[in-house]
Amino acid sequence: MSRRALVVDGRGAIALEERAALEPKPGEIVARPAYCGLCGTDLELLRGEVDPAFVRYPLTLGHEWSGLVEAVGEGVSEIEPGMRCVAEGIIHCGKCASCREGATNVCETYDEVGFTREGAAGDQIAVPARVVHKLEDDVSLLDAALVEPSAVVLTGLEKARPRQGLRVLIIGEGTIALLAVLLSQLWSPTELVVAGRRGEQEELALSLGATAFTTEAAPAGFDLAIEAAGVTVATETAVRSLRRGGTALLFGIPPAGSTVTFPADTLVNDDLSIVASFGYTSTAWARVVALLNGGGFRPGRLVTHRFALADFEQAFAELVLPSGTRGKVLLEVDGG
């Protein structure tokens, strides 16, 4: 038997390859992905722009996915074939100092699905059973395909320690920015402004709960500014937009080696906090799954484009040059 896998070489080449079917090793499960999300990082992986410390080529893409358990390995209990599931992509060791403190996102042994190990842009994926999370039968696999980026956002928000009634600015217009619109509402902000570059995103942002959308210079006086654009100017804008005592939360990853300049006296005199957040913790992942299973979180509203796995070239063309309103781009591998 064989399986399809969407493979990149880090030099701009991408192909749908035939590979041997997977069998679960002891402690593992093999799942059949239903949906696999694509994002700007996948473009960077295709082009070889990701820090080499965080990737191994050739690489099967796909760090955002949902699907069904197909087979379980020796020693795996409480997981059965046919179970609807998602799985954490950061395969933490569980033993290092960071893991013991709950900071599994910065585990000392870096290993991540779709970066250093095969991802879910294909017919099968193998992951340790310990990172698998069960979905309730009524949870849409379309919604569940956004657990990974949702956990990224929730990890950062909880690190920034928001409280009710804040004025919040979100800089960016992609998936992370739009999920920040959804998840910030857990803290009932009084204002939730999105500053983007493309006016085509306004209707989508407002439909998700933003109170305003602007393509002009970002206003000031915010309690919390969330940078989700991945460019240095957005980081600088986030800091400049804060009131005294405010917090800037940084999600985007600017090009390697980029530098940002701040007036140091302003940081101190205005008592500003700058919080950066990488990936997601196991705890945040579990919280997102609980929100899904409880029926209170439906991120599938962000999905605007779905492509068959064989149509990956069209999907990447949409990532490179949006054709209009664009939320999440998904590869439909096996539906569901």
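In which helix is Leu154 found? Leu154 is found in helix 4, where helices (H or I, at least four residues) and strands (E, at least two) are DSSP runs numbered from the N terminus. The structure is a predicted model, in which local features need pLDDT of at least 70 and side-chain atom pairs count only at pLDDT 80 or more, while totals for chains, interfaces and linings use all residues. Residues are numbered from 1 along each chain as its sequence is written, and side-chain values use heavy atoms, with hydrogens and water left out.

Leu154 is buried, with a relative accessible area of 3%, buried being under 20%, exposed over 50% and partly exposed in between (1.4 Å probe, protein chains only). When neighbours within four places in sequence are left aside, Leu154 is in contact (heavy atoms within 4.5 Å) with Leu183, Leu186, Trp187, Ala284, Arg287 and Val288. By contrast, the C-alpha atoms of Leu154 and Thr232, which are 78 residues apart along the chain, are separated by 22 Å. Ser150, also found in helix 4, is buried at a relative accessible area of 0%, and its contacts beyond four places in sequence are Leu179, Leu183, Val288, Phe297 and Pro299.

Two packed helices are described by the angle between their axes and the distance between the axes. The axes of helix 4 (residues 147-160) and helix 5 (residues 175-184) come within 9 Å and cross at roughly 60°, the axes being lines fitted to C-alpha atoms, for helices over the stretch in contact, with angles running from 0 to 180 degrees between N-to-C directions. That angle makes helix 4 oblique to helix 5, given that angles under 35 degrees count as roughly parallel, over 145 as roughly antiparallel, 65 to 115 as roughly perpendicular and the rest as oblique. Helix 4 passes helix 5 in a right-handed crossing, a term that applies if the near helix is turned clockwise from the far one by less than a right angle, anticlockwise being left-handed. At this crossing, Pro149, Ser150, Val152, Val153, Leu154 and Leu157 of helix 4 meet Thr175, Ile176, Leu179, Ala180, Leu183 and Ser184 of helix 5. Helix 5 is mostly covered, as nine of its 10 residues are buried, among them Leu179, Ala180 and Leu183.

Helix 4 also packs with helix 9, at an angle of about 115° and with the axes 8 Å apart, and this crossing too is right-handed. Here Val147, Glu148, Ser150, Ala151, Leu154, Thr155 and Glu158 in helix 4 meet Ala284, Trp285, Arg287, Val288, Val289 and Leu292 in helix 9.

Aromatic rings were examined next. Rings of Phe, Tyr and Trp (its six-membered ring) pair if their centres lie within 6.5 Å, with planes under 30 degrees apart counted as stacked, over 60 as edge-to-face and the rest as tilted; by this rule the count comes to three aromatic pairs. The rings of Phe54 and Phe278 have their centres 6.1 Å apart and their planes at 50°, so the pair is tilted. Phe54 lies in the loop between helix 1 (40-47) and strand 4 (59-60) and Phe278 in the loop between strand 14 (273-276) and helix 9 (282-293), so the pair ties together parts that are 224 residues apart in sequence. Phe54 is partly exposed at 30% relative accessible area, and Phe278 is partly exposed at 31%. The rings of Tyr280 and Trp285, with centres 5.0 Å apart and planes at 50°, likewise form a tilted pair, and both residues are buried. Phe54, Tyr110 and Phe278 form one aromatic cluster.
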